[in-house]
Amino acid sequence: MDEQALLGLNPNADARYRQRAMAYFEQLKESRDAWEVCAEALAKGIYNDDHVKFFCFQVLEHQIKFRHAGLTAVQQQLIRETLMKWLQVQLMNAQPEKPFIRNKAAQVFALTFIMEYLTLWPKFFYDILSLVGLNPHGVDVYLRTLMAIDAEVVDRDILHTPEETRRNTLIKDAMREHCIPSLVESWFQILQTYQRSHPELTCQCLEVVGAFVSWIELNLIANDRFVNLLLSQMSVEELREEACDCLFEIINKGMDPVDKTKLVESLCRVLQSAGFFNVEQEEDVDFLAKFSRLVNGMGQSLVLSWTKLAKGGSVKEAAETLQALEAKVPLLLQLLVHEDDDISANIVGFCYEYLHVLKQLPQLTEQQKANIEAIMLAVMKKLTYDDEYNFENEGEDEAMFVEYRKQLKMLLDRLAQVSPELLLEAVRRVFTNTMQTWQAAPFMEVEVAIRLLYMLGEALPASHGAHFTGDTAKTSALQDMMRTLVSCSVSSYQHSSVSLEFFETVVRYDKFFIVEPQHIPNVLMAFLDQRGLRHNSPKVRSRVAYLFSRFIKTLHKHMNAFIEDILTRIQDLLELAPPENGFPALLTSDDQLFMFETAGVLIVNGESPAERKQALMRSLLTPLMDAFRLLLAKMAQETEEERQAALADCLSHAVGFASRTSKAFSNKQTVKQCGCTEVYRDCLQTFLPALSCPVQRGVLRSSVRSFLHRMIICLEEEVLPFVPAASEHMLKDCEAKDLQEFIPLISQITAKFKRQVSPFLQQVFMPLVLAIFEVLARPAEDNDQAAALEKQMLRRSYFCFIQTVTGSGMNEVMANQENIERVVFTIIQGAVDFPDPIAQKTCFIILSKLVELWGGKDGMVGFPDFIYKHIVPACFLAPLKPTFDLSDAQTVLTLSECAVTLKMIHLKRGPEFIQFLQQEYLPSLRVSPEISQELCQVLQQPDLKVLKNYIKAFFQRAKL
């Protein structure tokens, strides 16, 4: 072997040696027989370096995996002999190989087994077991090999080709027939021999049994001899977790429901008599987590058996299974309420399914009702935060508790389906007791009491949050609890989790305040003072800003008396934070968006006359405009890039805030009716100069563009005078992304104002198109995927723009352009040359529209000629391209539009088109006269669906 190259296998070797090692590896892999030196090195144990041994196995692995069929019989025999000699050396060694080498060896053994077991090496296991006997080093490799075989042949998480799946089935069938009993016997011997001396081997063996039990004959494992051995290992500290997992796999095996119930019951009896059900006395939480998973498996198995038996009408057996199920509930409750959340989480599945069983029963016994109540109390207890939870800096443990809470919420929702009355009563009891003594209670009890009230909202369904109409028992209970919540001063509790839960619940049940509006002032004060928006926790302030906007939106009709007071109190929260201010603001700019929206909603929906609304809106927006002008002037003088970026951010926030206030307007309350047109026009005039700012263009253009989008909706035609100048600025020195974002703006204007903007569109059409062509023509690196994707998206946007123009009935916009041929050619190119079905579909929609507009008797001069020279060929050349994939759904939609285009040409040109197809075009494609006639007949039928189906079949045939 190339000793110099082997030096490069060491991870610490320098790059030159490592490259040489890689090249040597490739050479050995590709050579027909050079790999044999690796086989020899392994068989004779020539090298001591672990990296070289691993390398040799890798070379061998490559031969077996990819070149096995091409090896001679002698070479295949050499591989078998090499593996067995290497294994024999392991038996003699005082120290075993490193785990990573043993794992790689096991993979190579497993690959050889897969390739040869059915043909060349049926005695694979016999040979290995005869050699290994009970030698610990040998047994270790044997067990690792079995796990590697499981990964290749059995593991359902690994995707296999149909060919591999067939092969794996044959292997398993052959193993069941010839060697599984011997393997099971070897496992029993290993488990018995090594449980004291080599616990790690015993654990490995238990893992093997667990993996194989799903597909071998269960009686080989589920018998007294084997199960008693497993149970004895449940009492050995080093083995108990693996033994538990192994029993779990046995329980999980699919089988007849009556047999499954018997198996579970016999196992339970043994476990109970061995004292495993005394959960309180067990201190090892890792073992209990595994045990909880085992009990969960037993419980779910019984539920499945009961479901099958009940559906099949086996009344007696179903009743026995239900009884067995009920007998597990005390154990379920002990595990569910355990202080360790992992132990509790592992039993949630069984608990959930047990409740589902109860839901299906016609009537509940007293015991079952008591079980429901006990589960309810357990869930309530487990929802509670513990002392260690870090609210200010949430890490992995906190995230796991949040996930666990979600599981408990599922249980609570299921409890509500089984017995809504019991749940409502239980929550009411806990909530009322806690609220009476909240001052003295720890935060976690107060939080969970409010949390439960919140969760009822999702657990007890109500259409559109109407919890306070209809069913009187539920309504009055919820109303009582809400009344208590807002009047017992719990909002003053000094803990962020309680504050958050209070506001979340107030907003979840905001409809309560429509029924009892007298509580609104108190809650408003809580939102506005140090309990809410001025809380000392930024997390609470941020969330409350959002919740406040929701609260006001729902209850704006009840806010009339408080509008100006609220606006005064939140005035400082509506200030634009200057970029050079070192003090952190109370709210982030994202939170302020909600505040501006809230202010807008209050002003617009108030009952004051239009003049007052106008004055309030002006006082809200003027500070933003003033700040904007100042900052823009500063921007022009600023030379430092970091400061420019900070100023640009600030300018973009100002525009964003003004934009957000406009969300308050609706069809009923328009900008015009509120007398606010002028103030928004002033905003436009203030913001548009930012478009010509030479620095930080991306940020500024993006925010002003968004504002224009909003104004097109709110100001209607009042916005039109501003559009030409804005467009001119936005088309200067633009990148692909700028254009891509500008096109939707022009499309929105086109679709909304149609004829009104025709002169403007005629003026802007060509500059926009030329700007797009210029950007698309810029050279880019071949492998620059980001640039390629940007161009693809820009191309799509461009076609969408042309589609909007042609679809808006403004024939003249395109007809009056000097370079219109060039534009139409790009549509033909888009339909045929670029393998992008989304863009191609748009192009065919445009072509169809152009044929409709200009293809008739009184259409554009010269256009019929263009149809025959370019549009008709496009309809055939595009689908014939190798990249046009007819099995792809998006491509099939493109083909449909292609069919629509052909139909439109026939509609406009009539028999002349049919004659052109039959006599000129289809013969040029070498289409036979019969098929040509068939296509033309279908084209002349009125049903478009028939044509679409025919065209698909036509091109499928053509591509064969």
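This is a predicted model: local features need pLDDT of at least 70, side-chain atom pairs count only at pLDDT 80 or more; totals for chains, interfaces and linings use all residues.
Residues are numbered from 1 along each chain as its sequence is written, and side-chain values use heavy atoms, with hydrogens and water left out. Local features need pLDDT of at least 70 and side-chain atom pairs count only at pLDDT 80 or more, whereas totals for chains, interfaces and linings use all residues.

Two packed helices are described by the angle between their axes and the distance between the axes. Helices are DSSP runs (H or I, at least four residues), numbered from the N terminus. Axes are lines fitted to C-alpha atoms, for helices over the stretch in contact, and angles run from 0 to 180 degrees between N-to-C directions. For helix 15 (residues 285-312) and helix 16 (residues 315-327), the axes come within 9 Å and cross at roughly 160 degrees. Helix 15 and helix 16 are therefore roughly antiparallel (angles over 145 degrees; under 35 counts as roughly parallel, 65 to 115 as roughly perpendicular and the rest as oblique). Their crossing is left-handed, a term for a near helix turned anticlockwise from the far one by less than a right angle. On the helix 15 side, Gly-299, Leu-302, Val-303, Ser-305, Trp-306, Leu-309 and Ala-310 meet Glu-317, Ala-318, Thr-321, Leu-322, Ala-324 and Leu-325 of helix 16, contact being heavy atoms within 4.5 Å. By class, nine nonpolar, three polar and one charged residues form the contact of helix 15 with helix 16 (Ala, Val, Leu, Ile, Met, Phe, Trp, Tyr, Cys and Pro count as nonpolar, Asp, Glu, Lys and Arg as charged, and the others, Gly among them, as polar).

Helix 16 also packs against helix 19 (residues 348-360), with axes that come within 12 Å and cross at roughly 135 degrees. That angle makes helix 16 oblique to helix 19. The crossing of helix 16 with helix 19 is left-handed. Leu-322, Leu-325 and Glu-326 of helix 16 make the contact with Phe-350, Tyr-354, Val-357 and Leu-358 of helix 19. This contact has six nonpolar, no polar and one charged residues.

The largest nonpolar core has 339 residues; such a core is a set of buried Ala, Val, Leu, Ile, Met, Phe, Trp, Tyr and Cys residues joined through side-chain atoms within 4.5 Å. Buried means under 20% relative accessible area, exposed over 50%, and partly exposed in between (1.4 Å probe, protein chains only). The residues with the most contacts inside the core are Met-175, Trp-187, Phe-291, Tyr-680 and Phe-876. Helix 37 (residues 758-777) gives the most to this core, with twelve residues. Neighbours within four places in sequence aside, Met-175 is in contact with Phe-113, Tyr-117, Phe-125, Ile-180, Leu-183, Phe-212 and Trp-215.

Thr-434, in helix 22 (residues 420-436), is buried at a relative accessible area of 10%. Apart from neighbours within four places in sequence, Thr-434 is in contact with Glu-445, Val-446 and Ala-449.

Glu-717 lies in the loop between helix 34 and helix 35 (723-730) and is partly exposed, with a relative accessible area of 36%. Glu-717 and Val-757 are 40 residues apart in sequence and 9.5 Å apart in space, C-alpha to C-alpha. Beyond neighbours within four places in sequence, Glu-717 is in contact with Lys-672, Phe-753 and Gln-756.

Gln-696, not a glycine, has a positive phi of about 55 degrees and is placed in the loop between helix 33 (677-687) and helix 34 (697-714). Arg-926, in the loop between helix 44 (911-924) and helix 45 (929-940), has a positive phi near 60 degrees. Arg-926 is exposed, with a relative accessible area of 80%.

Notes: Helices (H or I, at least four residues) and strands (E, at least two) are DSSP runs, numbered from the N terminus.
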